[in-house]
Each structure stands twice: as structure tokens, then as C-alpha cells.
Amino acid sequence: MTTDPTTPTRFRKAEQNFRWEGVEARPYKEDERALFKAVSRQILFSDPNLAGELRYFEVDAGGFSTLERHQHVHGVMIFRGRGHCLVGDAVREVGERDLVHVPPMTWHQFRATKGEPLGFLCMVDAVRDKPQLPTPADLAALEANDEIAAFLRGTPRQS
């Protein structure tokens, strides 16, 4: 049974495979440009009385989220698996219970680089701006950093 995520539900039981009762697993985005690979999302909490929304994203092994930036902040907790993330000019290996803060207007991307799914909880503003994608000049500037270039190719340095 799937319910409307904007309708407050006091309890939602955890199910198998990192799913929750009454929460629909949706495609990450509807974007024909294929700027991401193998990502799903679930809206866990969305209520008009909250200023934020809590979502669960799962990136399949070898997948990645969109390289983007926004005016809103992200608060991320790695919930499952291991991988890498880019935030600004830094690439970090991440694993379960690690916390990632994405400031406004900061390039960011998450990659499941460890041969396993990477699942994370993400708190964002309930009302968000549209993501900005990198221009060719933005990509060139990012790729001038060897560590970021390797990350964007899907071959980050392993620690």
C-alpha cells in the first residue's frame, strides 16, 4: 500500500531492502539527458508543517547521482553501504553513519564506487530551487583538479 507522502503518518514500518511501509520508491529524476545512473528515491517525511523534507536515495553499485548545485542546503547521512562523494573541491570516501553537509551553490555528487549500493538520507528545504547543471566551463574547472577528474570518471582514489 502506497500513501501520499504529504499526508502525515505517525508510524511507517521498515520493510525489506531499505523500503518503508506506504512509501513509494520512485525514479530519482525524470530527465532524458541521463545525468545520473541507477538511483531511486523515497520521500519519507513531507508535511506542510515542516520547513524540510526527508528523503532516502539509493544508488545501485556503479551508479551516481547528478552533478549539480542549488541555492538550498543538503544535510546527508550515509545510511547504507560505502562510496564516494564530491562536495565543492573535495572528494571523500563515505560509509554508514557518515554525515555530509552540502552548502548552498556547491557542486556535489554521490557515487556507489565500492561494488555495493550506497543509500543515504537527505534533508532538504520543502520548497527547493531547480538544480543547476555544470556548463562545459564549470566541468573544465572541476576537472582541472586531478582528484575530481578521477572521481567524475568513476575511478576515485581509494583510501
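Mentor: A salt bridge is a side-chain nitrogen of Lys or Arg within 4 Å of a carboxyl oxygen of Asp or Glu. Keep in mind that the model before us is predicted.

Trainee: With that rule in hand, which residue forms a salt bridge with R80, and how far apart are the closest N and O atoms?

Mentor: The partner of R80 is E58, and their closest N and O atoms are 2.7 Å apart. Since R80 belongs to strand β6 and E58 to strand β5, the pair ties together parts that are 22 residues apart in sequence. E58 is buried, because its relative accessible area is 8% and the cut-off for buried is under 20%.

Trainee: How many salt bridges does the structure hold, and which residues are linked in a network?

Mentor: There are 5 salt bridges in the structure, and the network links E53, R55 and R128. Within it, the side chains of E53 and R128 meet at 3.5 Å, N to O. Because E53 lies in strand β5 while R128 sits in the loop between β11 and α1, this pair ties together parts that are 75 residues apart in sequence. E53 is buried at 7% relative accessibility, whereas R128, at 30%, is partly exposed. Another salt bridge joins the side chains of E93 and K114 at 3.2 Å.

Trainee: How should I read the nonpolar core, and which residues have the most contacts inside it?

Mentor: In soluble globular proteins, nonpolar side chains tend to be buried together. Here the largest nonpolar core has 16 residues, and V76, I78, V100, F110, L118 and F120 are those with the most contacts inside it. Strands β5, β6, β7, β9 and β11 each supply at least two residues of this core, with the largest share, 4 residues, coming from β11. Apart from this core lies another, of 8 residues, among them L67, V91, W107 and L142.

Methods:
Residues are numbered from 1 along each chain as its sequence is written. This is a predicted model: local features need pLDDT of at least 70, side-chain atom pairs count only at pLDDT 80 or more; totals for chains, interfaces and linings use all residues. Side-chain values use heavy atoms; hydrogens and water are left out. A nonpolar core is a set of buried Ala, Val, Leu, Ile, Met, Phe, Trp, Tyr and Cys residues joined through side-chain atoms within 4.5 Å. Buried means under 20% relative accessible area, exposed over 50%, partly exposed in between (1.4 Å probe, protein chains only).
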